[in-house]
Every structure is written in structure tokens, then in C-alpha cells.
Amino acid sequence: MILDIKKYPDKILTKKTKRVGEVSAEIEKLIDDMIETLYAKRGAGLAANQVGISKRIAVVDDGQGLVVLIDPKITKKKGETSMAEGCLSFPGLEIEVKRPEKIEVEYLDKSGQQKKIKASNLLARIICHETDHLDGKTMLDKLPLIKRLKMKRQLKGLFK
Ligand code: CO
């Protein structure tokens, strides 16, 4: 089932999500729907709170394959790169965001297995963008204060 995407400034986007812990049938169904939604909307990543469910789950695909992240935690960050990013919750908007070049992330996969992977460049960027979502942060929070306030004013009522 393709799910509706919550757009900025929906309050759920600024709320920290809850840890999942155990992968139930309900969680599996949610993940399947998130995957279907990610590809239908041609996104690179999708966090559960973007579809209205405040749980610590994200699905990402940098073009090299799907990764399902349950309770992801970034344990290492290295380097810095800057690139324009988009977000399904901010349709049409692109913002230049600085992110680590390389990361290590620990998470549970869809079968509940503990995993640890190294990611770099685009995949690292997408995972950081999604874990930010899960912490209740959007790419707007990456802007310096003045730019952020200006951007928030410009975006007022835009994504209804
Ligand atoms: Co996003």
C-alpha cells in the first residue's frame, strides 16, 4: 500500500521517534508499505515518521540496492562533504547540506538481526538524512539560524 507523505510543517516531523526493539508482523507490514511508497515516490530514503508513524525505522536506496534500518544508530563519522539534498516532505525544495563523508551504522534488519555496516558518500548522506528524521530533525535544521528563519518564512503554507 502506498502511504501518504507528511509534509512540512507537520508536527510529527519534529518529534523524536520511538525505538522498535522487536520486529512484529505489524512492523513488517509497515516496512513493506514504506518500501512500496519509497519507490512509488522515487525517493532515496523514507523515515516512518514521514508516513505518520513515530517509530525508529527508515528505508533507503542510493541506487545500489535497498537497505532497511530498524533502530539505526550512527556510531562513527568521518570527513565532511556538501551536496544539495531533497526530501519527500519538502517537495521541490533543494538545500545544500554538509554531512560526514563516511559513517558506521548499527541497526536491526527486517528479520531482526543486528547489523553493522560502513557507508560512504551518497549512502552515508541518505542514512544521515533519515536518522535525522528519526531524531525529529529535518534538513532545515542543518541551515544556519538566519537562513533557517528566512526559509521557514518562505515555506509557510507552501506544502499544504
Ligand atoms: Co527527508
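Modeller: On a 1 Å grid over the protein atoms alone, a pocket is an open set of points with protein on both sides within 12 Å along at least five of seven lines, and its lining residues have an atom within 4 Å of a point. Grid points are joined across faces, edges and corners, and a volume is the space filled by probe spheres set on the points. Please note that this is a predicted model, in which local features need pLDDT of at least 70, side-chain atom pairs count only at pLDDT 80 or more, and totals for chains, interfaces and linings use all residues. Residues are numbered from 1 along each chain as its sequence is written, and side-chain values use heavy atoms, with hydrogens and water left out.

Colleague: How much space lies in the largest pocket, and which residues lie nearest its centre?

Modeller: The largest pocket holds about 320 Å³ of space. Its lining has 17 residues, with Arg56, Ile74, Thr131, Asp132 and Asp135 nearest the centre. Strands (E, at least two residues) and helices (H or I, at least four) are DSSP runs, numbered from the N terminus. The strand β3 (66-78), β5 and α2 each supply at least two lining residues, and β3 gives the most, with five.

Colleague: What does the second largest pocket look like by class of residue?

Modeller: Ala, Val, Leu, Ile, Met, Phe, Trp, Tyr, Cys and Pro count as nonpolar, Asp, Glu, Lys and Arg as charged, and the others, Gly among them, as polar. The lining of the second largest pocket has seven nonpolar, six polar and four charged residues. Cys87 is one of the residues nearest the centre of this pocket, and α2 provides the largest share of the lining, six residues.

Colleague: Which residues are the protein donors of the cobalt ion?

Modeller: Donors are N, O and S atoms within 2.8 Å of the metal (3.2 Å for Na, K and Ca); water is not among the atoms, so sites may look incomplete. Here the protein donors are Cys87 (SG), His129 (NE2) and His133 (NE2), at 2.0 to 2.2 Å from the cobalt ion. Cys87 lies in the loop between β4 (81-85) and β5 (95-99) and His129 in helix α2 (residues 121-134), so the pair ties together parts that are 42 residues apart in sequence.

Colleague: How many disulfides does the structure hold?

Modeller: A disulfide is a pair of cysteine sulfur atoms within 2.5 Å. The structure holds zero disulfides. The sulfur of Cys128 is too far for a bond, because the closest cysteine sulfur, in Cys87, is 14 Å away.

How values were computed
On a 1 Å grid over the protein atoms alone, a cavity is a set of points where a 1.4 Å probe fits but cannot get out, and a pocket is an open set with protein on both sides within 12 Å along at least five of seven lines; lining residues have an atom within 4 Å of a point.
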